[in-house]
Amino acid sequence: MSKFPLQSLLCPTETVNQDQLEVERRMLNFEKTMSHLTRRGFLSAFAATAAVAAMADPQKARAQATTPAITDVLNFALNLEYLEANLYLNVSAGTTLSAADMGSGAVAATGLPGKLTLDAATLAVAQGLATDETHHVELLRSTIATLGGTPISQPLINYAANGAITTQAMFLATARQFTALGGSAYVGSAQFLVSNPTVLTAAAQILGAEGQHAGVLSFLCVNQNITSPAIDAQDVPPSPSNYFTVAAMNALSPSRNTSQVLGVAYGKSTATTTAPAAGSLMGGFFPNGVNGNIKST
Amino acid sequence: MSHVHTEPTLDSITADAANLTRQRSAALFNRRAFATSLAAAGTLATVGALGCGTGSVPVNVVATTPSVVDVLNFALNLEYFEANFYTFVTTGGGLQSGAQGTNPGTVTGGAKVSFVNGFVGGAALQLALDEQEHVNFLRNTITAVGGTPISMPTLNLAPAGVTAITSDATFLAAARQFETVGISAYAGSAQYLVSTLPGLTYAAQILDTEAQHEGFLRELCIALNITSSAVDSQDIPPTTSTVFNTNTNGLNAVRTPSQVLQILYAAPGAIGVTKGGYFPNGLNGNIVST
């Protein structure tokens with residue numbers, strides 16, 4: 001059962017059942033696809049057929065070869081939520097995600113820090129992060145299932161990829177990096193969720209949460225004089241003169257495509273990397289790679 | 001439809017699909033008696049008029065999808081407001097005139113604050129820079145997509161009934177509230193930017209930045225034991241047990257333009273209001289009403 005209130009897309013004050021919502025979604029999806037393609041003026045018979053087919057089967061809504069399916073995008077994000085959720089649960093309480101939340105094919109993580117001795121402010125933050133990320137895992141899993149997809153199980157994660165996390169400072173530095181990565185991934189993938197306004201809006205809401213996480217972690221890092229190294233060339237680590245991870249021009253936070261995200265996650269990107277080399281399938285925090293259909297730099 | 005196979009043409013597909021859409025639309029719309037045109041944009045259509053069934057709270061449903069330019073200009077109003085707010089508390093002056101547009105309103109009620117805490121003063125400065133950048137960026141983006149950016153509306157930074165900003169604490173409390181409104185406005189308008197993928201991405205980047213702002217301010221409020229009251233029923237003030245402003249799904253709030261303006265116009269629960277509070281003459285642009 002979806003955790004979303006099934007709000008009608010056409011009459012927002014009304015709730016609908018899943019069948020009704022699906023009809024609405026396909027109608028809006030179809031109209032958007034047709035107007036998009038028609039406006040482009042290059043509509044081919046194949047693309048139009050695919051658009052009509054999308055009306056019949058939303059899983060076939062892949063008119064352009066390079067546009068990932070929504071469930072693929074959400075599963076990609078789910079990998080990053082697994083990465084974060086376990087770390088926060090572990091340092092704050094010594095636990096990990098439940099078996100149900102990790103999925104039936106889940107692999108146990110390695111390099112978990114265990115419950116760390118944290119000061120009161122940091123502990124409160126770690127607990128809040130753990131709560132939010134656990135909710136994100138659960139929400140993504142249920143959303144993917146509602147859309148007819150299969151949520152990936154948790155892949156192998158090695159939390160000691162950059163050295164064992166043994167102190168509050170190391171935890172905060174890592175958490176700051178994970179959050180920067182996750183937020184930018186949602187920014188970069190928003191464009192692939194446009195065919196489903198409900199999912200797009202939820203993704204924007206998750207992004208708002210991740211941004212809050214980043215701001216809180218920035219304060220803690222700066223306040224405790226902790227260095228959190230740049231994950232790639234777009235990253236702006238927190239410092240007394242830069243509380244916020246934004247580009248100096250336009251004050252926009254980074255956007256990363258899946259290759260850039262995986263370049264960081266797989267340990268291929270350095271502080272000067274703008275775009276990692278293509279073709280990496282594993283490494284860093286994901287020794288066997290992420291799960292799902294989007295797994296390569 | 002014909003049973004003889006012929007290659008589908010754009011016209012045939014469009015016609016078939018249009019019929020399919022109309023059939024499904026008719027079934028759906030008959031059930032709801034969906035009005036194809038509501039009252040003038042910005043005014044409330046009650047749920048009864050929509051035939052959408054009884055909702056618990058009237059929601060200002062936009063009849064037609066707001067345009068990308070409308071949405072970006074709506075956001076620009078908020079950025080003008082925040083930029084002026086932060087620039088005033090740090091410098092005693094407002095947004096530089098070159099960034100106000102060709103027909104700007106006036107700004108009253110702003111005043112410099114002598115910050116005591118280094119983080120608070122530092123945050124105010126960096127927030128001012130970020131929001132000034134956002135004003136310029138949105139103006140340029142609106143122009144780039146062929147629209148006209150609104151000029152700065154008239155602003156009152158010290159409206160009646162609102163605590164004056166004179167200290168670290170009053171500044172932090174207010175700034176935290178303003179950022180939370182901004183994030184939720186961007187989240188609520190993302191679905192109206194789907195026809196411009198770059199624009200959608202930019203909006204997501206600004207959303208993330210505003211969320212970073214709120215997070216930082218929340219942790220600062222908690223560290224300094226400062227209360228920042230809830231702006232409405234969705235808002236969760238920062239405390240040690242509520243570090244993050246997220247719901248039971250871990251989600252940031254979403255607000256419609258109406259809900260945003262009920263806060264900014266100081267008109268909670270009122271519908272059809274077009275000015276007040278921080279915006280004595282209302283917002284500029286096409287999305288102006290609670």
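1. The structure is a predicted model.

2. **Overall make-up of chain B.** Chain B holds seven helices and two strands. Along the sequence the order is α-α-α-β-α-β-α-α-α. Of the 290 residues in chain B, 49% are buried. Take the contacts in chain B between residues at least 6 apart in sequence: 68% of them join residues at least 24 apart.

3. **Helix α5 of chain B.** This helix covers residues 168-189, which is 22 residues. From first C-alpha to last, α5(B) reaches 32 Å, close to the 32 Å expected at 1.5 Å a residue. The helix is mostly covered, with 19 of its 22 residues buried.

4. **Helix α6 of chain B.** Residues 197-223 form α6(B), 27 residues in total. Its end-to-end C-alpha reach is 39 Å, close to the 39 Å expected at 1.5 Å a residue. Like α5(B), which is mostly covered, α6(B) is mostly covered: 23 of its 27 residues are buried. Asn225(B) follows α6(B) and has a positive phi, near 60 degrees.

5. **Packing of α4 on α5 in chain B.** Helix α4(B) spans residues 118-144. Its axis lies 11 Å from that of α5(B), and the two helices pack at an angle of about 45 degrees. The pair therefore counts as oblique. The crossing of α4(B) and α5(B) is left-handed. On the α4(B) side the contact is made by Val120(B), Ala124(B) and Leu127(B). On the α5(B) side it is made by Asp168(B), Phe171(B), Leu172(B) and Ala175(B).

6. **Packing of α3 on α6 in chain A.** Helix α3(A), residues 70-93, packs against helix α6(A), residues 168-189. The angle is about 160 degrees and the axes are 11 Å apart. At that angle α3(A) is therefore roughly antiparallel to α6(A). This crossing is left-handed. From α3(A), the residues that meet α6(A) are Val73(A), Ala77(A), Leu80(A), Leu83(A), Glu84(A), Leu87(A) and Val91(A). Their partners in α6(A) include Phe171(A), Ala175(A), Phe178(A) and Tyr186(A).

7. **Phe171 of chain A.** Phe171(A) lies in helix α6 of chain A. It has 25 C-beta neighbours inside 10 Å, so it counts as buried. Leaving out residues up to four places away in sequence, Phe171(A) touches Val91(A), Pro113(A), Leu116(A) and Ile165(A). Val91(A) is also one of the α3(A) residues in the contact with α6(A). Phe171(A) and Cys221(A) are 50 residues apart in sequence, with their C-alpha atoms 10 Å apart.

8. **The nonpolar core.** In soluble globular proteins, nonpolar side chains tend to be buried together. Here the largest nonpolar core has 150 residues. The residues with the most contacts inside that core are Ala203(A) and Leu207(B). Neighbours within four places in sequence aside, Ala203(A) is in contact with Tyr186(A), Ala190(A) and Leu193(A). Tyr186(A) also takes part in the contact between α3(A) and α6(A).

9. **Thr131 of chain A.** Thr131(A) sits in helix α5 of chain A, residues 120-146. Its 19 C-beta neighbours inside 10 Å make it partly exposed. The cut-off for a buried residue is 20 or more. The C-alpha atoms of Thr131(A) and Ala85(A) are separated by 8.1 Å, although the two residues are 46 apart along the chain.

10. **Positive phi at two alanines.** Most residues other than glycine have a negative phi. Ala251(A) has a positive phi of about 55 degrees. This alanine lies in the chain A loop between α7 (197-223) and α8 (258-265). Ala251(A) is buried, because 24 other C-beta atoms lie within 10 Å. Ala266(B) also has a positive phi of about 55 degrees. Its place is in the segment after α7 (257-264) of chain B. Ala266(B) has 17 other C-beta atoms within 10 Å, so it is partly exposed.

Definitions and conventions: Residues numbered from 1 in each chain as written. Chains lettered and ligands numbered in written order. Predicted model: local features only at pLDDT ≥ 70, side-chain atom pairs only at ≥ 80, totals over all residues. Helix = DSSP H or I, 4+ residues; strand = E, 2+ residues; numbered from the N terminus. Buried ≥ 20, exposed ≤ 12 C-beta atoms within 10 Å, placed from the backbone. Contact = placed C-beta atoms within 7 Å. Expected span 1.5 Å × (residues − 1). Core = buried A, V, L, I, M, F, W, Y, C linked by C-beta atoms within 7 Å. Axes fitted to C-alpha atoms, helices over the stretch in contact; angles between N-to-C directions. Parallel < 35°, antiparallel > 145°, perpendicular 65-115°, else oblique. Left-handed = near helix turned anticlockwise from the far one by under 90°.
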